[in-house]
Amino acid sequence: MKKLIFIISILFYCGNLSAQNFSKIDNWLQDHADVMGGRVYLVLYKDGKIVYSKGVSKLSAKQKVVGKILAKRQGNTADFSDYTATTRQQIASCSKWLSAALVMTFVDEHKLKLSDTVGKYLPVLSKSGKGNITISECLSHMTGINSPGLKESLSDMRQTNSMDEAIQMIADLPMEGEHGKVFRYSNTGLQIAGAVIEKISGKSFETLFSERIAQPLDMKNTDFGKGKVALPAGGASSTPNDYMNFLIMIVNKGLFNGKRILSENSVNQMQINRVNAEVNKAYAPTEAGNFGYGYGEWVMENSTAGKPSNSVTSPGLFGSFPWIDNQKKSAGFLMAFYLNNKGRHEYYIELKKLVDEALAY
């Protein structure tokens, strides 16, 4: 009997210890939910399983009024229900990671090379002096094109009626420097890459994403919408659970439930910082801090030149924050929806630090 009581005590203690491991994260969500739009949801993965999945809602009366106004402008009805692991919403630039991965599936199949120039597939860009831009430069925001701001660019692209029209709009933009020598975080490069894989395959970007990424990763509630033109750099909607499936694939070097989605080499290539000392950093959002950039994702930690970073991320304009940590074999996805980016970079760093501490046990 004493032995049984001892075992039960140990199990009870370990259970409490496990709960205590996440208490700081619980507190962080409580403390930041209001400034991050009133609602947040966090999912964490480590060593093959989901270890945390929780949301906090602290919507204020003012946030509800603003929400109603925004929803009305879009012809929708505001939804103020608590976030869950299956809540679906726009994820803005978190889309870039998904799109870059889709492009890399073509590289894996040898249908595309990172060194290929875009003029090979899109002659209109050659006519405007942009034909020598490479696929690698498109994925790393080093096209040298002086692109408009993120919100303005997405708004302009939504007015186009075809991918060809969208590419013509890009062709008309001025250059601000030599391609490969200027980093400007924008929507332009991924829009070009999206057009290229449409030309190669004869299929729409949305169909390609569904077939190559969403379906094999069981991302049933993730897509790039049904607009006339897909927006690879910021047009996706997803859920915490869906996006986590993508991150799990990245953590496991391209494998998901025993099925290979990306080659290990492609995953590693995406995580190498391309913004070296010789590159002019023309624009990076405040929330990126001093991060570097790979293909479709920010490099959170410096690494040996030519080697993948330990931690990478691709946060969105509305505050959602996905990341993976190669060393800890972990991943996280924080869903949020707010526009004020003040302090956002510090929030991300602080949250990841707390998660790293909790998962160290």
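Modeller: The accessible surface of the protein comes to about 16,500 Å², and 51% of it belongs to carbon and sulfur atoms; such areas come from the Shrake-Rupley method with a 1.4 Å probe, and for residues only the protein chains shown count as cover. This is a predicted model, in which local features need pLDDT of at least 70 and side-chain atom pairs count only at pLDDT 80 or more, while totals for chains, interfaces and linings use all residues. Residues are numbered from 1 along each chain as its sequence is written, and side-chain values use heavy atoms, with hydrogens and water left out.

Of the 361 residues, 54% are buried, that is, under 20% relative accessible area with a 1.4 Å probe and protein chains only, exposed being over 50% and partly exposed in between. The secondary structure comes to 13 helices and 13 strands, which are DSSP runs numbered from the N terminus, helices being H or I with at least four residues and strands E with at least two.

Now to the sheet itself, which is open and has 7 strands in the order E2-E1-E13-E12-E11-E10-E9, with antiparallel pairing; two strands pair if DSSP finds at least two bridges between them. Its edges are strand E2 (49–57) and strand E9 (292–293), each of which pairs on one side only. Within the sheet, strand E11 (residues 311–313) and strand E12 (residues 321–325) pair in the antiparallel sense over 3 bridges, and Ser311 stands opposite Asp325 in E12.

Helix H11 (residues 240–251) packs on this sheet and touches strand E1 (39–46), E2, E12 and strand E13 (330–335), where contact means heavy atoms within 4.5 Å. The direction of H11 makes about 155 degrees with that of E13; axes are lines fitted to C-alpha atoms, for helices over the stretch in contact, and angles run from 0 to 180 degrees between N-to-C directions. Helix H13 (residues 344–359) packs on the sheet as well, touching E1, E2, E11, E12 and E13, and its direction makes about 45 degrees with that of E12.
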